[in-house]
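Subject: Structure handover

Hello,

Here is the structure I promised to pass on. Please open it first, then read the notes below.

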Amino acid sequence: MSDFTGRTVFITGATAGFGQAAARRFARAGAKLVICGRRTDRLENLKGQLDVPVHALTLDVRDREAVLAAAASLPADFAEIDVLVNNAGLALGLEPAHKASLDDWETMVDTNIKGLMYCTRALLPGMVERQRGHVINIGSVAGTYPYPGGNAYGGTKAFVKQFSLDLRADLSGTGVRVTNIEPGLCETEFSMVRFKGDAEKAGKVYQDTTPLSAEDIADCIFWTAALPAHMNINRLEVMPTVQAFSPFSITRKTS
Ligand code: NDP
Ligand code: 8X3
């Protein structure tokens, strides 16, 4: 099913990275789009570039009342959401847990966990009523594999993984699909955000590698959505070929 004409896709975090690339990918397939983010200028700019009906929604997913109100007052043409891409999210900092900022931890929890819950809870009833729909969450390899400095970010993505599986359990028999896409290293604005605008630190993350691109992940998102309605991809873990696993760290008496 690669023609999305007449179907509506709601994408959070569409002002950059995966969300923006996903908006372009679904637009190429003819979908109507609801694009969300905090940066209105970017939303309007993207809307101007897309050749499909677009509802641009300035929205901070951390604002529970705003999310619920926005979902309840979508223009009639955009009110029946077929696909929700819960993509808005961020990592902040790479400090070890005993030095990390509690404010950063709270921002990640509020965005990656609570924001994703608000959007899901706001749009699910319509999907269940229509007996069709697809919630596509953007998790991370960080939700499965720990790494130094991943701490709260990894915790938020582990929540997304388990929440996705539990949604599957609740939605059994409704026709509504749930997928967790779990990307590894991918060059977007992610590291600029994580390192709070330090371009040198952000650049080093991708230096001398071939990371995934936002378009690679947009293709994964689109692929899971375009599969026939009887197929549900539960989890899709994707790394660039240059990324793999390290051995366990062992502290030795001599070190
Ligand atoms: P980007 O920083 O490029 O994009 C993040 C998007 O999230 C932006 O559109 C931003 O919009 C939006 N966003 C952030 N906070 C909020 C908020 N409070 N309300 C609404 N929108 C918000 O990063 P990516 O595209 O890489 O990240 C997208 C998702 O993918 C995130 O959940 C991230 O954790 C995950 N991920 C990223 C990986 C990577 O290596 N890049 C790997 C694995 C997962 P705005 O600032 O305008 O609000
Ligand atoms: C982003 C991937 O490995 O930088 O979710 O945490 S990683």
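A polar contact here is a pair of N or O atoms within 3.5 Å; within protein, one of them must be able to donate a hydrogen and the other to accept it. Keep that in mind for helix H7, which covers residues 199–206. At its start, a side-chain oxygen of aspartate 198 comes to within 3.2 Å of the backbone nitrogen of glutamate 200. Just after H7 sits aspartate 208, with a positive phi of about 60°.

One caution before the rest: this is a predicted model.

The sheet

Seven strands make up an open sheet. Their order is E3-E2-E1-E4-E5-E6-E9, and the pairing is parallel. Which strands stand at the edges? They are strand E3 (54–58) and strand E9 (235–238). Each has a single partner strand, so one side of each is left without a neighbour in the sheet. On average, neighbouring strands of this sheet are turned by 15° against each other, direction ignored.

Look next at the E3 end. Strand E2 (residues 32–37) pairs with E3 in the parallel sense, over five bridges. In one pairing to look up, leucine 33 has valine 54 in E3 as its bridge partner.

Helix H5 lies across strand E5 (133–138), strand E6 (176–183) and E9. H5 runs at about 160° to E6.

Ligand 1

There are 29 residues around ligand 1. Those that come nearest are Thr15, Arg38, Arg39, Tyr153 and Thr188. By class, the shell holds twelve nonpolar, eleven polar and six charged residues.

- Threonine 188: an N or O atom in the side chain is 2.6 Å from an oxygen atom of ligand 1.
- Lysine 157: a polar side-chain atom lies 2.9 Å from an oxygen atom of ligand 1.
- Valine 61: a backbone N or O atom lies 3.0 Å from a nitrogen atom of ligand 1.

How much of ligand 1 does the protein cover? On its own, ligand 1 has 880 Å² of accessible area, and the protein covers 96% of that. Helix H1 (17–28), helix H5 (151–170) and helix H6 (190–194) are the elements that give two or more residues to this shell.

Ligand 2

Which residues surround ligand 2? They are Ser140, Ala142, Tyr147, Tyr153, Phe190 and Arg194. This shell divides into four nonpolar residues, one polar and one charged. Tyr153 is also among the residues that come nearest to ligand 1.

Here, too, there are polar contacts to check. An N or O atom in the side chain of serine 140 is 2.5 Å from an oxygen atom of ligand 2. For tyrosine 147, a polar side-chain atom lies 2.5 Å from an oxygen atom of ligand 2. For tyrosine 153, the distance from a polar side-chain atom to an oxygen atom of ligand 2 is 2.6 Å. The protein covers 82% of the 240 Å² of accessible area that ligand 2 has on its own.

Best wishes

Terms used: Residues are numbered from 1 along each chain as its sequence is written. Chains are lettered from A and ligands numbered from 1 in the order in which they are written. This is a predicted model: local features need pLDDT of at least 70, side-chain atom pairs count only at pLDDT 80 or more; totals for chains, interfaces and linings use all residues. Side-chain values use heavy atoms; hydrogens and water are left out. A residue is near a molecule or strand if one of its heavy atoms lies within 4 Å of it. Accessible areas come from the Shrake-Rupley method with a 1.4 Å probe; for residues, only the protein chains shown count as cover. Helices (H or I, at least four residues) and strands (E, at least two) are DSSP runs, numbered from the N terminus. Ala, Val, Leu, Ile, Met, Phe, Trp, Tyr, Cys and Pro count as nonpolar, Asp, Glu, Lys and Arg as charged, and the others, Gly among them, as polar. Two strands pair if DSSP finds at least two bridges between them. Axes are lines fitted to C-alpha atoms, for helices over the stretch in contact, and angles run from 0 to 180 degrees between N-to-C directions. Contact means heavy atoms within 4.5 Å.
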